[in-house]
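Subject: Structure handover

Hello,

Here is the structure for you to look over. My notes follow below it.

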Amino acid sequence: MEKTHIRFSPRILARLGEELNQGADQSILELIKNAFDADATKCTIELSDTAASGGSIRVHDNGRGMDAAGIRDGWLVLGSSEKTPLKKTKLGRTPAGNKGLGRLAALRMGKVVSLASVKENNSRRLHSVRIDWELFDGANTVEDVKLEIKSEKNTKRQKGTWIELTDLKSALRSEDVKKLARAALLLTDPFGDKKSGFTVVLKAPEFSDVEKLVRQKYFDDADYHLQASVNSRGIAQANILDWKGEVLAACSHDELRADKQRFKCPPSTFDFWVFLLKTQEFLSARKARTADIRAWLSHFGGVHVYQDGVRVFPYGNPGDDWLQLNLARVRSPEERPSTNNSIGRISIENEGAYPLTQKTDRSGFIEDDAYNELTEFAKSSLDWMARWRLGRAEDRRRAQRKHAAEEPRKEEQNFETALKAAPEKLQRSLKEAFNFYAKTRDREADALRKEVQLYRTLSTAGIIAATFAHESHGNPIKVIELNVTSLKGRISRNVPADHRSKLLDPLAKIEKSVSALATLGSATLSLVNSRKRRVGRVDIHNCISGIYSLLTPFFKGRDADIALRLAPASPYIRGSEAAVESILANLIDNSLRAFRRDSTENRLIQISTEIKESICEIRVADSGPGIRDVKPSDVWLPGVTTEPEGTGLGLTIVRDTVSDLGGSIYLLSGGELGGAEFVINLPILGA
Amino acid sequence: MLATSYPREIRRIQLIDDDPEVRSSYGMIVEDAGLIPVDVPSIKSIKELIGSIDTYCDGVICDYQLKSRSTYSQIDGHEVVESLYKAGIPVLLCTRYFPPNSAILSKRRHIPALLSSGDLATKMLPALQMCAEEQRGSFTLERKPWKTLIRVEGAEQVSSDVIRFHVVVPGWHPSQGVDVELKISEVPIAKTIRELCQSGECRVRAHVNIGANQAEDLYFENWSLT
């Protein structure tokens, strides 16, 4: 029988070190956290010749230090740690590192690592150990490599720990150093007013630039400050403060959470500052320049998380939008902040029934229920602020509309007053010029009001049609269809053949009419389908085919036909189906109206596509009368129509929609089929 | 009598629609097919409905919109059909709304037959037969699921529980995009997929009926990472 024990291949060091490594900045940050946990008040990092491999990094702190036993039973034991979030340090700090693995990635950055330490209350001895990682590469097991801890007399050094990583395997790029500087400075919540008593100094040029930015706090220049909190019982509340710190709005837990359930997460506070970066507003009331604030936000914008006073990576890193501020803004851009104009901090006291746990690779918290609840708390607070801001924006608009009616009268009075100060011989001509201008402006305002009213009316018609489509389009038509089908079958089975046509002919007419009637409802519902308004990849040919199918009963009902000549490709754009459909539907409608106006005999519409490099050319030509009674350049103007009951909006919508898609459109009066021909060029992403 | 498979022989068709006129009209189509229509005057609960159906000899025609009248049903037809399908009852969903909306598409795995009222007379019996065969494990080419690669090109959070993915299923069509909505509460991996595709398109696997003729006939289940 042979007694043995589990042993570890040296490759485990790479697995736990390099492969869990989030980057050089995070690795070194673990050493800084160790210094924090050792109650150091200062930690200094020196970089030497790190622009290329072979350089060195020195980390020194003035913490409690270690003796030989501490090095042997603590520092050299990987995967175990005496530290626990439940037991604070002597200075009352909650340990930032507790997995016993974080430092390994940093220590393996160089081919050799040297540690020296002087323990508090025993400064007469200096203890040191040197690890040459190449010795491990040649060994069978980790245990085969013996390490020696030296203890010698100390006369020079104070308490603390010195770690030197030499012969670095890789260079540290300037970008890495900037990230390290940022991470080090943000480690212990420099945003708050309370000082942590822990200072990090990074001896590198990039550090002072970042440090300057951190020190310059612009919180007082924020336009809105959201202050929310959730206590140990899961009850939350929130306030919105203005830049002076005055409360603009407050809400209770029930307003934040619709289902009124408590938040099952650790007690936390959420501070969030929003900056309205409109230059005029800023210069009028704030001390700071917009450019400075933008630069500051570009470095530190986003929502950071601090657990027991120590920052948790990667929340709030550049590009990390864990609360989906930017997504919420895309869906509802009004009064929603983005990571470019806001900065926030969630401070968590990780205690109570629902603590959060950080992942071993330091890539954030484990996304369990407690984490989800914390996220829900933060998002609910942001949603409440957005609703409040929208409400204020709506109030402002109503007030503006009211004042807009009063403004011209006031301006006219101002003008009259100024006119009286002008020389008498000029007063008459000035008055005439002003009156002419006023009339022109009034006509324009009148036209705009009518256009807005028309848009509102058409929108209401669409809303009503969509809402009641089920009543008009679903059941009654379904009943007719089913009964007609059944009648046809019963007639065929029960009526002698020579009498059938008398009964089947009227049924055929009913069927045809029902089909046309059904199209109105289905076309309306199809066009207002919300999925079609979503922006994404849109296949142009699919849209053309879809509109063709949708409108077939309409144009067949008017004895017209549509021919499709589509290029042998699948051109697609980034846009919405609704946009492409509105272009085609309006152009087809335009042609059908032209046929009716002119009593055109041979009614043909042709839709063709051609791919020209990165452009899809769409041509919609008809055999109608062409453009008559209106200047070709005027057809695009809203309200211009040759139909007494026409809206004059169809081609305006087409032009504006094409423009929104980044394309262009022009009109040929005598097209391929003899009538009007619209040529649209749309930039495509592929085909 | 519609012979599906031993021991089932459908003789009756239960009719579910919140409009009695429509149910009566369905009834005429059913009679014309030589079967017995059974009116379902209201749905108090799915459990009660399933209990009232004879799994040996009943099939079901169910409309999509069932909540227009407050007293008829608490849920819409796509959920009723899903429950009846899972209970092994041959059922088809009848609707005038084409293309089907996202609610219907999300249940497409359990809605094998989707017919318009105009097609009911000619396609009712084959549709119920197909459903019964599928419930026995025998899928048509258009409905058979295959484990296949899916390219996720984008994701959008529609609501707190729903993520909409824009995907391409190369095994079905090499370039046509399809929208798929997943509920995180039902498909927890949806969150992981969204995170993965935030840094660019990603590839995952799922069971998809790649023999489907149109995008609206596709269903997706058993999602997994590659």
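In chain B, residues 24 or more positions apart make up 61% of the contacts with a separation of 6 or more. Bear in mind that this is a predicted model. Chain B contains 6 helices and 12 strands. It runs to 226 residues, of which 50% count as buried.

**Helix α3 of chain B**

Start with α3(B), residues 77–86. This helix is largely enclosed by the rest of the structure, because 7 of its 10 residues are buried. Those residues are Gly77(B), His78(B), Val80(B), Val81(B), Glu82(B), Leu84(B) and Tyr85(B). What lies over them? The cover includes three strands of chain B: β3 (12–16), β5 (58–63) and β6 (91–94). It also includes the helices α2 (46–52), α4 (102–106) and α5 of chain B. Just past the end of α3(B), Gly88(B) has a positive phi of about 80°.

**α1 against α5 in chain B**

Helix α5(B) turns up again here. It spans residues 120–135, and α1(B) spans residues 20–32. Their axes come within 10 Å and cross at roughly 70°. An angle of 65 to 115 degrees counts as roughly perpendicular, so α1(B) and α5(B) are roughly perpendicular to each other. The crossing is right-handed. On the α1(B) side, the contact uses Tyr26(B), Ile29(B) and Val30(B). On the α5(B) side, it uses Leu120(B), Ala121(B) and Met124(B). By class, that gives 6 nonpolar residues, no polar ones and no charged ones.

**α16 against α17 in chain A**

Now a helix pair in chain A. Helix α16(A) covers residues 540–557, and α17(A) covers residues 577–598. They pack at an angle of about 35°, with their axes 10 Å apart. This crossing is right-handed. From α16(A) come Cys543(A), Ile544(A), Ile547(A), Leu551(A) and Phe555(A). They meet Glu577(A), Val580(A), Glu581(A), Leu584(A), Ala585(A), Ile588(A) and Leu592(A) of α17(A). The contact of α16(A) with α17(A) has 10 nonpolar, no polar and 2 charged residues.

**Salt bridges**

How many salt bridges does the structure hold? Over all chains, there are 41. Three of them are worth a look on screen.

Take Glu30(A) and Lys33(A) to begin with. The closest N and O atoms of this pair are 3.6 Å apart. Both residues sit in helix α2 of chain A, residues 24–37. They are 3 residues apart, about one turn of the helix. An α-helix has 3.6 residues a turn, so residues three or four places apart point the same way. Buried or exposed? Buried means under 20% relative accessible area. At 5%, Glu30(A) therefore counts as buried. Lys33(A) is buried as well, at 4%.

Next, a bridge between chains. Arg490(A) and Asp32(B) meet at 2.8 Å, N to O. Arg490(A) lies in helix α14 of chain A, residues 469–494, and Asp32(B) lies in α1 of chain B. Arg490(A) is partly exposed, with a relative accessible area of 27%. Asp32(B) is partly exposed too, at 25%.

The last pair is within chain A. Lys612(A) bridges to Glu617(A), with the closest N and O atoms 2.9 Å apart. Lys612(A) is partly exposed, at 38% relative accessible area. Glu617(A) is buried, at 5%.

Shared partners also link some bridges together. Arg490(A), Arg493(A), Glu31(B) and Asp32(B) are joined in this way into one network.

**Ser128 of chain A**

Ser128(A) is in strand β4 of chain A, residues 122–132. Its relative accessible area is 16%, so Ser128(A) is buried. Which residues does Ser128(A) contact, leaving aside its neighbours within four places in sequence? They are Leu115(A), Ala116(A), Glu148(A), Ile149(A), Lys150(A) and Glu152(A).

Best wishes

Definitions and conventions. Residues numbered from 1 in each chain as written. Chains lettered and ligands numbered in written order. Predicted model: local features only at pLDDT ≥ 70, side-chain atom pairs only at ≥ 80, totals over all residues. Heavy atoms only, no water. Axes fitted to C-alpha atoms, helices over the stretch in contact; angles between N-to-C directions. Helix = DSSP H or I, 4+ residues; strand = E, 2+ residues; numbered from the N terminus. Parallel < 35°, antiparallel > 145°, perpendicular 65-115°, else oblique. Left-handed = near helix turned anticlockwise from the far one by under 90°. Contact = heavy atoms within 4.5 Å. Nonpolar A, V, L, I, M, F, W, Y, C, P; charged D, E, K, R; others polar. Salt bridge = Lys/Arg side-chain N within 4 Å of Asp/Glu carboxyl O. Buried < 20%, exposed > 50% of the residue type's maximum accessible area, 1.4 Å probe, protein only.
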